[in-house]
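Subject: Structure handover and findings

Hello,

Please find the structure below. My notes on what was found in it follow.

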Amino acid sequence: QVQLVESGGGLVQPGGSLSLSCAVSGSSFLANTMGWYRQAPGKQRELVATITSTGRTDYSDSVKARFTISRDNAKNTVYLQMNSLKPEDTAVYYCNAEVWVVGAPGEYDYWGQGTQVTVSS
């Protein structure tokens, strides 16, 4: 049993900052690539950023230079620091982790519950 718990969403004004976190818990597992996705009303889910277990990062062009993804492997936690927020960043943000559970045949994708980020004046 693996679960991801997100925190840090909220309401922020344009140009402001917000930080999200997502902690992975389970009995015996290894979290590989972790990332953040977002979905706005009426739109498809889109990739925001990912980070591998060794720290390699990838960002959507729309958030480059504004968002920073990081992780703490000891805490099994991934973070997303969001700066210079724009109204178009408004969405539900979902944490994702590729997890190998010890004893399982392969990796599985796990998702957080989602946290609302609203950028509005």
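Two strands pair if DSSP finds at least two bridges between them. Strands (E, at least two residues) are DSSP runs, numbered from the N terminus. This is a predicted model, in which local features need pLDDT of at least 70 and side-chain atom pairs count only at pLDDT 80 or more, while totals for chains, interfaces and linings use all residues. Residues are numbered from 1 along each chain as its sequence is written, and side-chain values use heavy atoms, with hydrogens and water left out.

Pairings of β9

Strand β9 covers residues 91-101. Its pairing with β4 is antiparallel and runs over nine bridges; in that pairing, Y37 has Y94 of β9 as its bridge partner. β9 also pairs with β11 in the antiparallel sense, over three bridges, and here A91 has V117 of β11 as its bridge partner. With β10 (residues 107-111), β9 makes five bridges, again antiparallel. E98 stands opposite D109 in β10. β9 and β10 form a hairpin with five residues between them. In the turn of this hairpin, G103 has a positive phi of about 100 degrees.

The four-stranded sheet

An open sheet is formed by four strands in the order β1-β3-β8-β7, with antiparallel pairing. At its edges are β1 (3-7) and β7 (67-72), each of which pairs on one side only. On average, neighbouring strands of this sheet are turned by 15 degrees against each other, direction ignored. For this angle, axes are lines fitted to C-alpha atoms, and angles run from 0 to 180 degrees between N-to-C directions. β1 is joined to β3 (residues 18-25) by five bridges, and Q3 stands opposite S25 in β3.

The disulfide

How many disulfides does a search of the whole structure find? The search finds one, where a disulfide is a pair of cysteine sulfur atoms within 2.5 Å. C22 is joined to C95, with an S to S distance of 2.1 Å. C22 lies in β3 and C95 in β9, so the pair ties together parts that are 73 residues apart in sequence. The link of C22 and C95 is left-handed, with -85 degrees about the S-S bond. C22 is buried, at a relative accessible area of 0%, and C95 also counts as buried, at 0%. Buried means under 20% relative accessible area, exposed over 50%, and partly exposed in between (1.4 Å probe, protein chains only).

The nonpolar core

A nonpolar core is a set of buried Ala, Val, Leu, Ile, Met, Phe, Trp, Tyr and Cys residues joined through side-chain atoms within 4.5 Å. The largest one here has 29 residues, and those with the most contacts inside it are W36, V48, F67, V78, L80, M82 and Y93. Elements giving two or more residues to this core are β3, β4 (29-39), β5 (46-51), β7, β8 (77-82), β9 and β11 (115-119). β9 provides the largest share, five residues. Leaving aside neighbours within four places in sequence, L80 is in contact (heavy atoms within 4.5 Å) with L18, S19, L20, W36, V48, F67, T68, I69 and Y93.

R66

R66 is placed in the loop between β6 (57-59) and β7. Is R66 buried or exposed? R66 is buried, with a relative accessible area of 11%. Its side chain makes a polar contact with the side chain of D89 at 2.8 Å. The side chain of R66 also reaches the backbone oxygen of S62 at 2.8 Å. A polar contact is a pair of N or O atoms within 3.5 Å; within protein, one must be able to donate a hydrogen and the other to accept it, and residues adjacent in sequence count only if both atoms are side-chain atoms. Not counting residues up to four places away in sequence, R66 touches Q81, M82, N83, S84, L85, K86 and D89.

Two loop residues with positive phi

N76 is in the loop between β7 and β8. N76 is not a glycine, yet has a positive phi of about 50 degrees. At 26% relative accessibility, N76 counts as partly exposed. S84, in the loop between β8 and β9, is likewise not a glycine and has a positive phi of about 50 degrees. S84 is partly exposed, with a relative accessible area of 42%.

Regards
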